[in-house]
Amino acid sequence: TASERLISYIYGQPFAVRLAARLVAAIGMNEVLQVMVAQHETDKKKIGAEAGVDPWVDNTRIYYDKEGNSMGAALCLRAWINLVTGYIGGGAARAFGVLRLLSFLPSGLTREDLMSLFVKPEDVRHVLDVICDQFYLLEVADEHGNRVSKYTAVQILDQKLDTLVFRLRPCVLGLFAENSNPLKFECARNLDNMLPRLMESADIVHKTFAAARTVEGLRAMEMCENTCWSVTRPDYMLREGFINHKHASIEVCGHISLYLAMMMLSLNRNHEAMLACRNAARFFRKFCEFELSAEQIQEREKHPEIKMRGPSLYGQALRLAGEVKLQLGCCESAAIDLRNGFALMSPIKEAAISCNYNGSHIGQADILWAMAEMSLTMNDHDKCDFYSRRCLRNYTDLDSPPGIAFSRSLRGQLRMCAGDMAGAYREFNFAIKVFREFSLNTRLAEVLCFRAELAFAVGNIPRARVDAAEAGAMWTS
C-alpha cells in the first residue's frame with residue numbers, strides 16, 4: 001500500500017516520522033510518496049549507486065556525487081527537510097523568511113526579536129505555529145543554550161518568556177547553511193532589521209568586558225557569539241543576492257566584526273581577534289568602494305554636507321589589527337597596519353571625487369598611542385617618547401581625559417625605564433585617578449600593576465602590596 005511504501009522511506013528516523021505525518025495531513029499521502037520516490041532515485045543516480053545499494057540507509061556516511069562533490073550525510077532526512085521547507089516556502093512566505101533568517105543567526109531569536117520583525121502580533125503567532133509547533137523545525141533553548149521542551153511556541157508568546165530563544169534544529173541549520181540561493185525579499189528585509197539589533201548586543205557585551213565585568217560579559221556573549229561569527233563572513237555575506245549592494249548592512253557587519261575582535265582581545269583569544277579584524281577590514285574596504293562609486297560622487301556633488309566615513313572605519317580596523325598583532329608579537333606587521341591606519345585617519349581633499357574628508361583626530365591619537373606602546377615593547381625609547389608626546393598633545397586638544405591618562409601611563413612607563421622614579425609616580429597617579437573616575441577597570445588594574453612594580457623597585461613594599469592586591473581583585477572579578 002501507499003502508506004507502507006511511505007514508511008519504508010523513513011528508515012526509522014523519529015524526526016522524519018514527525019515531518020511525514022504533518023506533510024501527509026497537509027498535502028496528501030500520494031503526493032508526498034511521489035516526491036520521495038523521485039528524490040530517492042535522484043540521489044541514487046548522483047552517487048552512481050550500484051544495484052542493491054541504498055544511500056538512504058546509512059545516516060552517518062558522507063556521500064559524494066560522480067564529480068566528487070560532497071552531498072553530505074543523512075540523505076534521507078535531508079530529503080524530508082527539503083520537502084517540508086519547499087512546502088512552507090510555497091505556502092507561507094513569511095514563515096520561510098524566518099527560517100532563512102535563523103540560518104544566519106544560529107544563537108537564535110527571542111520573543112522580543114521576533115515581535116520586532118512583524119507589525120501584527122498574530123503574524124508572529126502564525127509563523128511560529130507553522131515552523132515550530134507543526135513542523136518542529138525550531139527548538140527552544142534557555143539562555144545557556146540548553147534545550148527546553150516543556151513550552152510550545154504559543155505558550156512562550158502568551159507568557160512573554162523573554163529568556164528563551166527559538167533556534168533552528170542542528171540538522172535543519174546544516175541544510176540551510178549550504179543554501180547559496182539569493183535571499184528572497186522577506187528574508188532580506190528581516191536580515192536588514194536584525195543586523196542593527198545584533199550590533200547593539202555586541203556593543204553591550206564589549207562594554208561589559210571593558211568595565212572588567214568578565215563573568216557578566218561571558219554570560220551575555222553566550223547568547224550572541226555564534227551569531228556574530230555567522231554574519232561576519234565576508235565571502236558568504238558579500239555574495240550577489242545577499243548584502244553585496246546594501247551599504248548600510250555592510251557597515252553594520254563591519255562594526256559587529258570590530259566588536260567581536262575587541263571581545264576576543266579581552267579574553268586573550270588573539271588568533272580569533274585577528275580573524276575578526278580581517279573580516280572588519282574587508283567589510284569596511286567594501287564600504288569605501290561604495291563611497292567611491294559614481295552614484296555616491298554625484299550625491300556628494302549635490303549635497304556637499306555629506307561626509308565620507310569609509311576611510312575612518314577602515315583605519316579603525318587596521319588600528320585594531322595592529323594592536324592584536326602586537327599581542328601576538330608580530331611587531332613589524334603591526335607597524336605596517338598602524339601606519340596605514342594613520343594615513344587613512346588623515347584628511348583627504350580631492351575635488352575630482354567630491355571628497356572633503358576631514359580625517360579623524362581621535363583616531364590618529366589612538367594610533368599614535370598604539371605606536372608608542374609598540375616602540376616601548378621593542379625598547380625603542382626615542383620613538384616611544386616621540387609618539388607618546390604627539391598622542392598626549394592630540395588627546396589634550398580633544399579634551400579627552402581617558403586619552404590623556406593613556407598617554408601619561410605610557411609616559412610613566414618610559415620614565416620608569418629611564419630611572420625617573422618620581423616622574424613615573426606622578427604619571428601613574430594621574431592615570432589611576434582618571435581611570436577610577438571613568439570606571440575603566442581594566443586599564444586601572446594595568447596601571448596599578450605598573451605602580452606596584454615601581455613601588456617594589458624603590459623599596460615601598462606596603463604600597464606595592466596594596467596596589468597588587470587591588471589589581472588582582474579586579475582581574476579576578
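This is a predicted model: local features need pLDDT of at least 70, side-chain atom pairs count only at pLDDT 80 or more; totals for chains, interfaces and linings use all residues.
## Helix 17 and its two partners

Two packed helices are described by the angle between their axes and the distance between the axes. For helix 14, which covers residues 247-266, and helix 17, which covers residues 310-328, the axes come within 11 Å and cross at roughly 20°. Since angles under 35 degrees count as roughly parallel, helix 14 and helix 17 are therefore described as roughly parallel to each other, and their crossing is left-handed. On the side of helix 14, the contact is made by Glu251, His255, Leu258, Ala261, Met262 and Leu265, while helix 17 contributes Leu313, Gln316, Ala317, Leu320, Val324 and Gln327. Sorted by class, the residues of this contact between helix 14 and helix 17 are eight nonpolar, three polar and one charged.

Helix 17 also packs with helix 18, residues 331-344, at an angle of about 160°, and here the axes are 8 Å apart. Because angles over 145 degrees count as roughly antiparallel, helix 17 is roughly antiparallel to helix 18; the crossing of these helices is left-handed. In this contact, helix 17 uses Pro311, Ser312, Tyr314, Gly315, Leu318, Arg319, Ala321, Gly322, Lys325 and Leu326, which meet Cys331, Ser333, Ala334, Asp337, Leu338, Asn340, Gly341 and Leu344 of helix 18. The contact of helix 17 with helix 18 is made up of nine nonpolar, six polar and three charged residues.

## Helix 5 against helix 10

Helix 5, residues 93-104, packs with helix 10 at an angle of about 50°, and the axes of the two are 8 Å apart. Helix 5 and helix 10 are therefore oblique to each other, and helix 5 passes helix 10 in a right-handed crossing.

From helix 5, the residues Ala93, Arg94, Gly97, Val98, Arg100, Leu101 and Phe104 meet Glu186, Cys187, Asn190, Leu191 and Met194 of helix 10. Divided by class, the contact of helix 5 with helix 10 has seven nonpolar, two polar and three charged residues.

## The largest pocket

Rolling a probe the size of a water molecule over the atoms shows where empty space is left. The largest pocket holds about 1,500 Å³ of space and is lined by 41 residues, with His206, Leu265, Glu323, Trp369 and Arg443 lying nearest its centre. One of these, Leu265, is also among the residues through which helix 14 contacts helix 17.

Several helices each supply at least two residues of this lining, namely helix 10 (185-210), helix 14, helix 17, helix 19 (361-377), helix 21 (401-418), helix 23 (441-457) and helix 24 (461-475). The largest share, seven residues, comes from helix 17. Taken by class, the lining of the largest pocket consists of 19 nonpolar, 16 polar and six charged residues.

## The second largest pocket

The second largest pocket has a volume of about 680 Å³, and of the 25 residues that line it, Thr110, Asp113, Ser201, Met223 and Cys224 are the closest to its centre.

At least two residues of the lining of the second largest pocket come from each of strand 3 (109-110), helix 6 (111-117), helix 10 and helix 11 (214-222). Helix 10 gives the most to this lining, with seven residues, and helix 10 also supplies at least two residues to the lining of the largest pocket. The classes in the lining of the second largest pocket are 10 nonpolar, seven polar and eight charged residues.

Notes: Residues are numbered from 1 along each chain as its sequence is written. Side-chain values use heavy atoms; hydrogens and water are left out. Axes are lines fitted to C-alpha atoms, for helices over the stretch in contact, and angles run from 0 to 180 degrees between N-to-C directions. Helices (H or I, at least four residues) and strands (E, at least two) are DSSP runs, numbered from the N terminus. Angles under 35 degrees count as roughly parallel, over 145 as roughly antiparallel, 65 to 115 as roughly perpendicular and the rest as oblique. A crossing is left-handed if the near helix is turned anticlockwise from the far one by less than a right angle, and right-handed if clockwise. Contact means heavy atoms within 4.5 Å. Ala, Val, Leu, Ile, Met, Phe, Trp, Tyr, Cys and Pro count as nonpolar, Asp, Glu, Lys and Arg as charged, and the others, Gly among them, as polar. On a 1 Å grid over the protein atoms alone, a cavity is a set of points where a 1.4 Å probe fits but cannot get out, and a pocket is an open set with protein on both sides within 12 Å along at least five of seven lines; lining residues have an atom within 4 Å of a point. Grid points are joined across faces, edges and corners, and a volume is the space filled by probe spheres set on the points.
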